[in-house]
Amino acid sequence: MRLATLLAAALLATAATAQPQRLAGPDTPDPQKAYDAQAQRMGVDLSVTWEGSPQWLEGASVLGNDVLGVLFGTQFLGGSSVSPSEAFPVQIVFSDALETRGQTFRPTGTTGTWSTVGVGTVPGEAYDISDPANPRRLNLVFAEASTPDFAWEPDGSVEGGREWLYVMASDYDSTGQAYAGASFLSGPLEDHVYIFQSRLVDGRSFLEADPSTLTIRPARIAGLEGTPNGSGVDLTWSYDAPPEVAGLRVYTGLTSPASDLLATLPPSRSSYTHAVGGIDLRYYRVEALSSGGEVVDISQETRARPTDAFNTTLLGQLDERGSYGDLWGYVDPATGREYALLTSRNEGLSIVDLDRATPTEVGFVPGITVGTFGVVADAKDIKTYRQYAYLAHEFKDILIVDLSDPASPQVAGRLDVQPSRPDGGSHNILVDGDYLYVVGGRDPGGLRIYHLADDPTDPPLVGQINGTDGQTYYHDLDIVGDIAYAAAIYDQGIDVLDLSDRTNPEVIETIIYPATYQGAHNVCATPDGETIFVGDEIGSGPWTRAFDVSDLSD
């Protein structure tokens with residue numbers, strides 16, 4: 001019998017008893033790990049478990065979460081032809097004794113397209129375990145951002161070397177020729193079911209535990225949410241419990257994964273109130289057990305603070321679309337009414353009337369879609385100039401919206417901020433005076449400056465800069481007078497830019513600070529220009545720093 005068959009049989013037998021436990025450090029004996037991941041943009045809840053001690057892989061930090069880094073296919077860029085209702089459980093066995101041959105993708109040219117460059121290998125095998133007695137072997141393909149060596153081997157960098165592993169829905173082709181000639185980022189990679197974005201755990205080596213197993217299951221305990229109620233947290237979820245489920249367990253904890261048992265409930269329950277004080281952020285999860293005590297289902301993990309805020313009163317709330325990117329305020333000059341402009345990342349722009357008894361969406365503009373499956377290109381930021389709103393998309397143009405009638409917004413134009421790339425877009429935008437400042441998008445993603453005064457619906461590009469090396473990615477910026485502070489998130493500090501000539505911005509200083517990785521996410525200056533505050537997203541803490549910039553030479 002093949003080794004893969006033996007491993008699959010053994011691992012399938014143990015998967016049902018997987019128990020979530022706290023993540024141990026690299027110098028601590030590692031218990032079995034289990035994590036919960038949520039594909040937020042498409043509403044797919046996943047239960048993700050790891051088996052193998054020590055755990056040598058974890059989710060890439062750039063994802064901004066502490067789970068194993070598994071995403072459902074439809075939430076990644078151009079999307080997938082596999083719909084959420086078609087999700088199925090998958091088990092990947094990693095071992096030096098196993099091999100899957102599949103296509104290797106890497107960026108080609110400057111157009112933002114990732115294309116196949118040949119057959120590579122993954123030290124493992126993947127199976128559809130919908131029928132555990134007859135597991136179906138699946139194709140794997142992977143991406144390599146650097147010069148390809150045709151071997152899937154994520155490293156210990158923040159992004160794991162951008163070695164992304166794709167689990168495909170198709171039956172395994174041992175020649176490795178399935179998907180030859182395909183491309184993605186400018187469009188969907190057809191039928192990928194899951195994407196695994198991982199890195200080596202600090203202090204660990206590749207395949208340190210051999211074999212190791214990653215099991216991904218659509219979570220039937222879905223939509224777990226925690227809402228502060230002033231004296232604790234109200235938990236709600238949905239679950240159509242199968243006949244073998246005898247009860248539910250609710251867990252909490254100050255660290256992830258939640259491991260302190262709160263309550264044991266009947267399977268029909270879909271809510272629980274945790275009476276707890278304080279302001280500490282808490283983690284919650286729910287698991288279902290059979291009559292024999294085996295874990296049958298695990299929810300995603302959610303977070304909540306028992307207290308909303310001190311010395312404030314909640315006046316109203318609105319949550320109709322989900323997965324929001326940013327918001328901005330707008331006052332109608334004709335009526336004086338106040339509106340919130342809210343970006344829904346996978347839907348578009350929501351215009352909310354704040355002068356009603358409760359916040360009410362009165363206008364909506366669909367975002368720009370990418371690929372062939374109608375996935376919105378991540379509506380990420382929103383700013384205004386005169387009566388126009390500028391809706392930035394991570395992977396597409398800026399949509400220009402006329403707000404002359406907020407209840408009937410009209411698209412007035414589109415601004416292609418990275419015309420050389422079909423997936424080009426922007427991560428953050430800022431309006432200051434008569435200029436629109438655009439940062440991020442695809443690499444290098446520096447700063448682009450547009451002049452708005454003459455034609456706000458078709459502003460010309462007047463200046464740009466990508467750092468001193470031409471390759472700097474700016475994630476955010478703030479401006480005081482003719483000085484801009486740009487957060488170079490990928491370990492390059494804070495660039496100080498001279499904007500006295502908007503057609504020729506220059507880097508006059510770079511602020512480098514001691515950190516394992518300078519993951520500057522955002523920067524905000526005080527109005528007097530004396531101090532800037534910098535928040536980190538990736539790397540290691542401390543996470544917020546204040547800099548005295550009254551003397552830019554020191």
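The model is predicted, so please read the details below as features of a model. Most residues other than glycine have a negative phi, and most peptide bonds are trans.

**Cis peptide bonds**
- Ser53 and Pro54 are joined by a cis peptide bond, with omega at about 5°.
- To find Pro54, look in the loop that runs between β2 (44-51) and β3 (57-59).
- Another cis peptide bond leads from Asp210 to Pro211, and its omega is near 10°.
- Pro211 also sits in a loop, between β12 (192-200) and β13 (212-218).

- Arg162 is a residue other than glycine with a positive phi, near 55°.
- The loop between β9 (136-143) and β10 (164-171) holds Arg162.
- Asp378 has a positive phi as well, near 65°, and is likewise not a glycine.
- You will find Asp378 in the loop between β27 (375-376) and β28 (379-385).
- Asp378 counts as buried because its relative accessible area is 3%, under the 20% cut-off.

- Asp548 counts as exposed because its relative accessibility is 55%, and the cut-off for exposed is over 50%.

Definitions and conventions. Residues are numbered from 1 along each chain as its sequence is written. This is a predicted model: local features need pLDDT of at least 70, side-chain atom pairs count only at pLDDT 80 or more; totals for chains, interfaces and linings use all residues. Side-chain values use heavy atoms; hydrogens and water are left out. Buried means under 20% relative accessible area, exposed over 50%, partly exposed in between (1.4 Å probe, protein chains only). Helices (H or I, at least four residues) and strands (E, at least two) are DSSP runs, numbered from the N terminus.
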